[in-house]
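Please consult the structure as you read.

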Amino acid sequence: DIIRFSKHKNLLDFGFKNQVEKYFKKLEIGKLNTFSSNELIEFIETCYSYAKISLNKYSSKYSKQMYSQPALFTIVALKIYLNVTYREIADFIAFSDKLKRYLGIKQAPDYSTLQKFYKRMPTNMFERITNQLIGNLEIEPKIIALDGSGFSSDYADKYYLKIRGYNVKHFTKSHIAIDIESRMILYSQAVRGPRHDTKFAIAAIRSLKKYNIQYIIADKAYDTEPIRNCINVEIKALDQIPLKSNFRHGWYRRLSQKTFKKEIYSRRNNVESVFSVIKRRFSGINKSKSTRLRNKETRLKTLVYNIVQYIKISKRIST
């Protein structure tokens with residue numbers, strides 16, 4: 001059972017499913033209609049259950065304690081899941097008395113309250129929730145794929161940028177490491193771009209030491225001797241990285257000519273598929289204004305993806 005860690009009632013006990021369907025019809029937001037009420041219920045329950053495990057109930061004993069941190073996190077994650085604005089998600093919560101009771105709140109938070117929580121939301125909770133998800137699935141990653149992709153920044157009106165002559169070149173660079181079999185994201189990082197993928201690689205590889213990995217897959221951009229050394233020496237795995245045509249030296253680069261397997265490397269497209277799903281479902285455009293918040297928004301999208309993927313795998317296991 002997905003919510004086996006929580007003692008609170010299921011949303012279906014409140015009759016939330018019918019309420020969601022009525023809201024979809026009333027609001028007439030096209031992008032909301034792509035989600036069924038069952039999917040929405042499962043997402044909210046999973047998100048809230050793991051948030052209660054990973055977050056303190058309140059940020060401070062001196063706070064007004066109107067909204068718990070797990071409840072606020074669930075609402076912010078739901079905003080990403082539905083790909084709506086802060087005002088729209090606040091309206092969604094206000095509509096449903098049953099959802100408010102489920103989250104333990106008396107009234108819907110104002111959109112500004114959600115924004116303030118998002119700003120102070122600790123980023124280390126991403127790792128805590130991810131570790132909980134992976135631990136409960138009991139997956140044993142053997143083949144890992146690394147890759148990076150850019151998320152554009154579009155918080156200003158395009159017409160405004162055009163008439164002012166602004167040329168926005170920066171974007172958020174996201175780097176992830178996924179388990180090929182489950183397509184769960186085991187590591188994620190985000191910084192202001194442009195930034196080369198190799199800047200992330202060593203940290204990503206070292207974060208995977210706790211797993212018994214056989215192969216690490218990456219494209220030619222990762223073809224450096226320090227990266228291959230980290231994979232072979234520190235992780236005790238085999239690198240599956242194509243050689244650049246102009247390579248001249250390096251023990252592990254030369255060794256890879258014998259250990260490279262095309263059938264293993266062909267599975268690298270799984271990591272590109274993960275980025276495609278994230279951008280298609282949760283948008284490849286970040287709306288946050290500051291670099292710090294855009295980075296956090298990108299990582300939150302990868303966490304929401306992991307929660308959705310966790311639900312899919314849990315269903316598959318239970319059937």
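This is a predicted model: local features need pLDDT of at least 70, side-chain atom pairs count only at pLDDT 80 or more; totals for chains, interfaces and linings use all residues.

Q: Why is Y48 called buried?
A: Its relative accessibility is 7%. Buried means under 20% relative accessible area, so Y48 counts as buried.

Q: What makes Y102 buried or exposed?
A: The relative accessible area of Y102 is 4%. The limit for buried is under 20%, and Y102 is therefore buried.

Q: Why is the pair of F43 and Y81 called stacked?
A: The ring centres lie 4.2 Å apart and the planes stand at 15°. Rings pair if their centres lie within 6.5 Å, and planes under 30 degrees apart count as stacked, so this pair is stacked. F43 belongs to helix α2 and Y81 to helix α3, so the pair ties together parts 38 residues apart in sequence. Both F43 and Y81 are buried.

Q: What makes the aromatic pair of Y48 and Y102 tilted?
A: Its centre-to-centre distance is 5.6 Å, with 55° between the planes. Under 30 degrees would be stacked and over 60 edge-to-face, the rest being tilted; the pair is therefore tilted. Y48 in helix α2 and Y102 in helix α5 are 54 residues apart.

Q: Why does K79 count as lying over the face of Y86?
A: K79 is at 4.7 Å from the ring centre of Y86. The definition asks for a distance within 6 Å and a position within 35 degrees of the ring normal.

Notes
Residues are numbered from 1 along each chain as its sequence is written. Side-chain values use heavy atoms; hydrogens and water are left out. Rings of Phe, Tyr and Trp (its six-membered ring) pair if their centres lie within 6.5 Å; planes under 30 degrees apart count as stacked, over 60 as edge-to-face and the rest as tilted. Helices (H or I, at least four residues) and strands (E, at least two) are DSSP runs, numbered from the N terminus. Buried means under 20% relative accessible area, exposed over 50%, partly exposed in between (1.4 Å probe, protein chains only).
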